[in-house]
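Here is a friendly walk through some strand pairings and charged contacts in the model shown below. Have the sequence and the structure side by side as you read.

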Amino acid sequence: MAAPMEVALVSDAAGPLCNCSVWELHSGSALPGYRGGNSGPRGLALLGGEHLLGAQLGKSYINVWELQRKDQLQQKIICPGPVTCLTASPNGLYILAGVAESIYLWEVSNGNLLAILNRHYQDLTCLCFTDDSSHFLSGAKDCLALVWNLYNVLQAEPSQIPDPRHVWSRHSLPITDLCCGFGGPLARAATASLDQTAKLWEISSGDLLLSVLFDVGIMAVTLDLSEYHMFCGGMDGSIFQVDLCAWPVQRDRTFQTERENGKVFKGHRNQVTCLSVSTDGSLLLSGSHDETVRLWDIQSKQCLKTMNHKGPVTNAFIVLAPPNMFNPDGKPSVPLPKFSRHLHGTESSDEPGTEGVTLRLGLHQEVLGASGPWGGGTDIQEGLCQSKALL
């Protein structure tokens, strides 16, 4: 059996003809891209291995493509304002979008808007899920990074705003990026900020594990899969490699560029906006406002390939290519519904045809019929049984 293909998905702020370009990571060969509009920073996400989401730059909607139909938008998810960041849960069940200072949470199976979270004080800049989809993190211009328990958010009444599990307030300037390692609720998370620091946290306890001070603002951060290294993209175009296994262990460190020349990637001429590491930990992908995407060999720090774009790069990340991406005859296992603009459970969100019992198992769902005159139903998700009224 052939090994899964790794591809790079890249978007920039200029090209309306090709929203998202795709290229094979190791050979560098260009593959058919996705057409229509252009996606904003932190605004590109794969949904369940069957759809691609792109938050239209400066507009109040999210573009949706079926992975195999690259030249045609399937639908647009209308939002109440411009989307500043976007992500989808790894299990394919939920979509998160940042609109101004609010977080919007949709359920993919029925398109319901389940929650609007208003715990930030300024615009959202980044969102990400843990690898098991149990928690998500949000960062904003208010210098705060919040950790949310998804189950608690789903359990809250529509009239209540649930409390985040942790509030990380150690940054002194806006959060620019964040990422999660592996381990679900036991994972570590990294945050980057204009305050010239990148910080490493433990999600379970909320403790700060490491804070690294640089001499420039940090615009992007990522971890390799083994979590031996943290990579930080600077406003000056430099990329810094931080050793997470250094001895002696220090919670507060200063990255001195002149002393750590072997741990700096140099080549970009403007701020680095996105970073991603290959699954084997040997390659680093970076995107920049200098309108280039670069592929680096991590061990030697040499640039292996440079891809030129027509505008500042807004998204660049590495994924294992889902089968549907290159199968023109493939179809999503479940068609996407129309996504609601109104909060589920309020009068304005009442729509016919939503009554019934829904089984959500992994990426698949089946509606089994009405369950009484009040539309009550049972929701079974990943082994968790919970009864609720479907208004």
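Strand β5 (residues 51-56) runs antiparallel to β6, and five bridges join the two. Strands here are DSSP runs of E with at least two residues, helices are runs of H or I with at least four, and both are numbered from the N terminus. Two strands count as paired if DSSP finds at least two bridges between them. Before going further, please keep in mind that this is a predicted model, in which local features need pLDDT of at least 70, side-chain atom pairs count only at pLDDT 80 or more, and totals for chains, interfaces and linings use all residues. Residues are numbered from 1 along each chain as its sequence is written, and side-chain values use heavy atoms, with hydrogens and water left out.

Back to the hairpin: β5 and β6 have four residues between them, and Gly58 in the turn has a positive phi of about 75 degrees. Across the pair, Leu52 stands opposite Trp65 in β6. On to the next neighbour: β6 also pairs in the antiparallel sense with strand β7 (residues 75-78), over four bridges. There, Asn63 has Lys76 in β7 as its bridge partner.

How many of the residues of strand β6 (residues 61-66) are buried? Six of its six residues are, so to speak, under cover; buried means under 20% relative accessible area, exposed means over 50%, and partly exposed lies in between (1.4 Å probe, protein chains only). In a regular strand the side chains alternate between the two faces of the sheet. In β6 both faces are covered, with Tyr61, Asn63 and Trp65 buried on one side and Ile62, Val64 and Glu66 buried on the other.

Arg188 has Glu202 in β18 as its bridge partner.

Now for the charged contacts. A search of the whole structure finds three salt bridges, each defined as a side-chain nitrogen of Lys or Arg within 4 Å of a carboxyl oxygen of Asp or Glu.

| Asp177 | Arg42 | 3.4 Å |

Take the salt bridge of Asp177 and Arg42. Asp177 lies in β16 and Arg42 in strand β4 (residues 39-47), so the pair ties together parts 135 residues apart in sequence. Asp177 and Arg42 are both buried.

Asp163 is exposed at 55% relative accessible area, while Arg119 is partly exposed at 30%.

Arg188 belongs to β17 and Glu227 to the loop between β20 (218-223) and β21 (229-234), so the contact ties together parts 39 residues apart in sequence. Arg188 is partly exposed at 25%, and Glu227 is buried at 10%.
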